[in-house]
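Subject: Structure handed over, with notes

Dear colleague,

I am passing on the structure below, together with notes on what was found in it. Please read the notes with the structure open beside them.

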Amino acid sequence: MQAITVRQYAKGDFPGIMELWEATALSRPERGDDEAAVERSIELGGMMLIMCGGDTGREIIGTSWMTFDGRRIHLHHFGITPAYQGKGLSGILLNESLKFVKEKGFQVKLEVHRSNNIAIQLYKKAGFEYLGDYDIYIIRDIQSIEI
């Protein structure tokens, strides 16, 4: 395996990010995950970390998208491309993500599917605790709101 690096998002990364998100089912069109959203979230104090590797050392093999709402950091779209899963890389990416969280000085929150036991164990090992006292609801189609 080539050297693995973790760096901040750069203009031009988005096509590779979307390939990873599609390969890991982290993105769907209705979520509004596009380049403008990523760049806007960074401007608002968030961070997108990119893990690179592969034959050239520049292939995007992991992402950690952290948004900031002024109160908490939300960890989104944390994933490693399938060909690189199971190699301990998620721990490296999570550690780099938590460095940003600690530097920023705010709580961090994430959502994970109940069936994703590997991710749940990773997050618990890093100190995340299950809240368990509420369910999450969303309106994706804002045009459907009747006021």
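A residue is called buried here when its relative accessible area is under 20%, exposed when over 50% and partly exposed in between, with a 1.4 Å probe and protein chains only. By that scale His-76 is partly exposed, because its relative accessibility is 30%.

Before going further, please note that this is a predicted model, in which local features need pLDDT of at least 70 and side-chain atom pairs count only at pLDDT 80 or more, while totals for chains, interfaces and linings use all residues. Residues are numbered from 1 along each chain as its sequence is written, and side-chain values use heavy atoms, with hydrogens and water left out.

The overall fold

The protein chain has four helices and five strands, which are DSSP runs numbered from the N terminus (helices are H or I with at least four residues, strands are E with at least two). In sequence order these elements give the pattern β-α-α-β-β-β-α-β-α. The chain is as compact as a globular protein of 147 residues, because its radius of gyration of 16 Å is close to the 15 Å of the globule rule; that radius is taken over C-alpha atoms, and the rule is 2.2 Å times the number of residues to the power 0.38. Along the principal axes, the C-alpha atoms occupy a box of roughly 55 × 35 × 30 Å.

Of the 147 residues, 37% count as buried. Where contact means heavy atoms within 4.5 Å, 60% of the contacts between residues at least 6 apart in sequence join residues at least 24 apart.

The aromatic pairs

The structure holds five aromatic pairs. Rings of Phe, Tyr and Trp (its six-membered ring) pair if their centres lie within 6.5 Å, and planes under 30 degrees apart count as stacked, over 60 as edge-to-face and the rest as tilted. One of the pairs is that of Phe-14 and Trp-21, which is edge-to-face because the planes stand at 85 degrees, with the ring centres 6.0 Å apart. Both residues are buried, Phe-14 at 10% relative accessibility and Trp-21 at 0%. Together with Trp-65, Phe-14 and Trp-21 form one aromatic cluster.

Phe-78 and Tyr-123 also form an edge-to-face pair, with 6.0 Å from centre to centre and 65 degrees between the planes. This pair links distant parts of the chain, as Phe-78 is in strand β4 (residues 72–80) and Tyr-123 is in helix α4 (residues 117–125), 45 residues apart. Phe-78 is buried with a relative accessible area of 12%, and Tyr-123 is buried at 9%.

His-76 lies in strand β4. Leaving aside residues up to four places away in sequence, His-76 touches Ser-64, Trp-65 and Thr-67. Its C-alpha atom is separated by 14 Å from that of Gly-45, which is 31 residues away along the chain.

His-77 also lies in strand β4, and its phi is near 45 degrees, a positive value in a residue other than glycine. His-77 counts as buried, at 11% relative accessibility. Ala-25 is exposed, with a relative accessible area of 57%.
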